[in-house]
Amino acid sequence: MSNNQQITISDEVKEFLKSNHKLLINGEWTPSSSNEKIEVFDPATEQLLTEVDSGNAADIDAAVAAARKALTGEWSKITSHDRARMLDRLADDIEANFSALSEIEVLDNGMPLELAQYSIAGHGTTLLRYFASWANKLHGQTIPVSPAGAINGESLTYTRKEPIGVVGAIIPWNSPLIFAILKLGPALAAGCTVILKPAELTPISALFLGHLIQKSGIPKGVVNIVTGYGETAGQALSEHPGVDKITFTGSTEVGKKIVEASIGNLKKVTLELGGKNPVVIFPDADLEKAIPGAARACFFLQGQNCMAGTRLFVHEDIYQVVIAGIKEMAEAFTIGHGLISGNDFGPLISKTQKERVMSYIDLGREEGAELLTGGNSYGDQGHFVQPTIFSNVNGDMRIAKEEIFGPVLCAQSFSSQDLEQIASEANDTPYGLSGSVWSQDISVAHKMAMLIDAGQVSINCHAAVDPAIPFGGNKQSGWGREFGAEGLEAYLKTKATTVIF
Ligand code: NAD
């Protein structure tokens, strides 16, 4: 079995990969003070792609100083209309560089090209334009008040929405460019300044974005990009007294470290963390939609997706037919390098991630779940793992509760008509990020959606994403919401001013 297919990389991307990748601090590409490098590999071939500078605490310090200065400098004087125009210009430039960015995303992360193209064009630029359009609509309220000493009707309070300040944005590797945009869009629309710390495994598209930001008219120091490891650059950013807010997407384990590190100056913190999301299929569901929907819910991005629907609950009357349909789809994926046309299932991000997923597959076997398909690594190079389905899983098994972050579906049937009973099983994890309900009975579908303890539930689809849909987790899946008006609000603070006439 070989997945050793020849890929073609465009000259433009080859040139970019060859360049000397420094840190973007105060508008200048600056070498890291340690002179240390991080090697970046293609997860599908394990070949070295490039090296980037490894930023440390001193570099974070310089980036925070630049962001603090920029917060009250030229950036604060620019009109909100111009802020919107700059974000739109950045979206135009992303579109103009769509091909190179998509290719980089595939090489860096391993996702199939079509998915990279869809995520950049379908989500990335739409997201940026959505937040650009908010920039000139931020306003407070006028409130009639009666503080002591005021004659009734001769006092009022007005509120202003101000940028929350300097934002540290720490992002994961599973959709690197989209997460960079998701943090920058609302932060810049709100008038904040940012230090972006990409994941050490996938820093390249953020650096490419840095070059586009330099051309967008956004003043120097407003966006700083420090590539580096989590324990050094990420930790220094979370602890830094000059940072007002941390917005973090990543694991629950690191999210807790960020909360601890932020305590020193009581930073505001938004956390988008892990998930172990239920997909509940009722007997009256439209199986033509539910079967492919459930397969995609789990295997999209090889299951390396916080919203992945990895816990499948199917009514016993349709269990066999649903499982057989998902198995057929799982076995039909074409595994291989994302740049080879037709491949729709890529590698996991790293050797460590592959070993972690394989250890959960071993655990599933030990716990007595029935392995229906997959269960092995794939090919002679790259971090590929076959799409894997366990049947007859029960809620006591660790594979049913813990986030695997790989292509492993844990399926079980239910016989109950009692929605609360079904929901209590669906909710039996420490997470509460996402979930989906499949039924044609609107009453059942809406009641079940209400009972699922998650920040986002989809009916007859899974993980619906749109810039206007608030997104975030309950329980240990996070704090706060991103996307939509609430996502923007997280980068603003309210100032109340009261006047007695
Ligand atoms: P991770 O938590 O290991 O790393 C995320 C980021 O945190 C990286 O940039 C890393 O360098 C940094 N980091 C690591 N240690 C740090 C520390 N001590 N201080 C500060 N920063 C530190 O997560 P990952 O492995 O990159 O991503 C996978 C996880 O992310 C999964 O749990 C997944 O569910 C979660 N995720 C959540 C969402 C969401 O929106 N809820 C989206 C994508 C991924």
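The model is predicted. The chain is assigned two domains, domain 1 (11–273 + 478–497) and domain 2 (278–466). Both contribute to the shell around the ligand, with at least three residues from each.

**Domains**

- Taken over C-alpha atoms, the centres of domain 1 and domain 2 are 31 Å apart.
- The contact between them takes 26 residues from domain 1 and 28 residues from domain 2.

**Ligand site**

- There are 30 residues around the ligand, and those that come nearest are Lys-197, Glu-200, Ser-251, Leu-273 and Glu-403.
- Sorted by class, the shell around the ligand holds 15 nonpolar, 10 polar and five charged residues.
- The side chain of Ser-251 has an N or O atom 2.6 Å from an oxygen atom of the ligand.
- The side chain of Gln-235 places an N or O atom 3.3 Å from a nitrogen atom of the ligand.
- Gly-230 contributes through its backbone, where an N or O atom lies 3.3 Å from an oxygen atom of the ligand.
- Two or more residues of the shell around the ligand come from each of α9 (230–239), β10 (245–249) and α10 (252–262).

**Helix α9**

- Helix α9 provides the largest share of the shell around the ligand, namely four residues.
- Its buried residues are Ala-233, Gly-234, Ala-236, Leu-237 and Ser-238.

**His-383**

- His-383 sits in the loop between β15 (377–378) and β16 (384–385).
- His-383 counts as buried because its relative accessibility is 9%, which is under the 20% limit.
- A polar atom of the His-383 side chain is 3.4 Å from the backbone nitrogen of Lys-351.
- Beyond its neighbours within four places in sequence, His-383 is in contact with Pro-43 and Glu-46, and also with Pro-347, Leu-348, Ile-349, Ser-350, Lys-351 and Lys-354.

**Ile-94**

- Ile-94 belongs to helix α4 (residues 80–96).
- With a relative accessible area of 0%, Ile-94 is buried.
- Apart from neighbours within four places in sequence, the contacts of Ile-94 are Leu-101, Ile-120, Thr-125, Leu-128, Ile-181, Leu-209 and Leu-212.
- Pro-112 is 18 residues from Ile-94 along the chain, and their C-alpha atoms are separated by 19 Å.

- Leu-266 is not a glycine, yet its phi is positive at about 50 degrees.
- Leu-266 lies in the loop between α10 and β11 (268–272).
- The relative accessibility of Leu-266 is 63%, so Leu-266 counts as exposed, the limit being over 50%.
- Asn-460, also a residue other than glycine, has a positive phi near 55 degrees.
- The place of Asn-460 is the loop between β21 (456–459) and β22 (474–475).
- Asn-460 counts as partly exposed, at 36% relative accessibility.

Terms used: Residues are numbered from 1 along each chain as its sequence is written. This is a predicted model: local features need pLDDT of at least 70, side-chain atom pairs count only at pLDDT 80 or more; totals for chains, interfaces and linings use all residues. Side-chain values use heavy atoms; hydrogens and water are left out. Buried means under 20% relative accessible area, exposed over 50%, partly exposed in between (1.4 Å probe, protein chains only). A polar contact is a pair of N or O atoms within 3.5 Å; within protein, one must be able to donate a hydrogen and the other to accept it, and residues adjacent in sequence count only if both atoms are side-chain atoms. Contact means heavy atoms within 4.5 Å. A residue is near a molecule or strand if one of its heavy atoms lies within 4 Å of it. Ala, Val, Leu, Ile, Met, Phe, Trp, Tyr, Cys and Pro count as nonpolar, Asp, Glu, Lys and Arg as charged, and the others, Gly among them, as polar. Domain bounds come from an automatic or database domain assignment.
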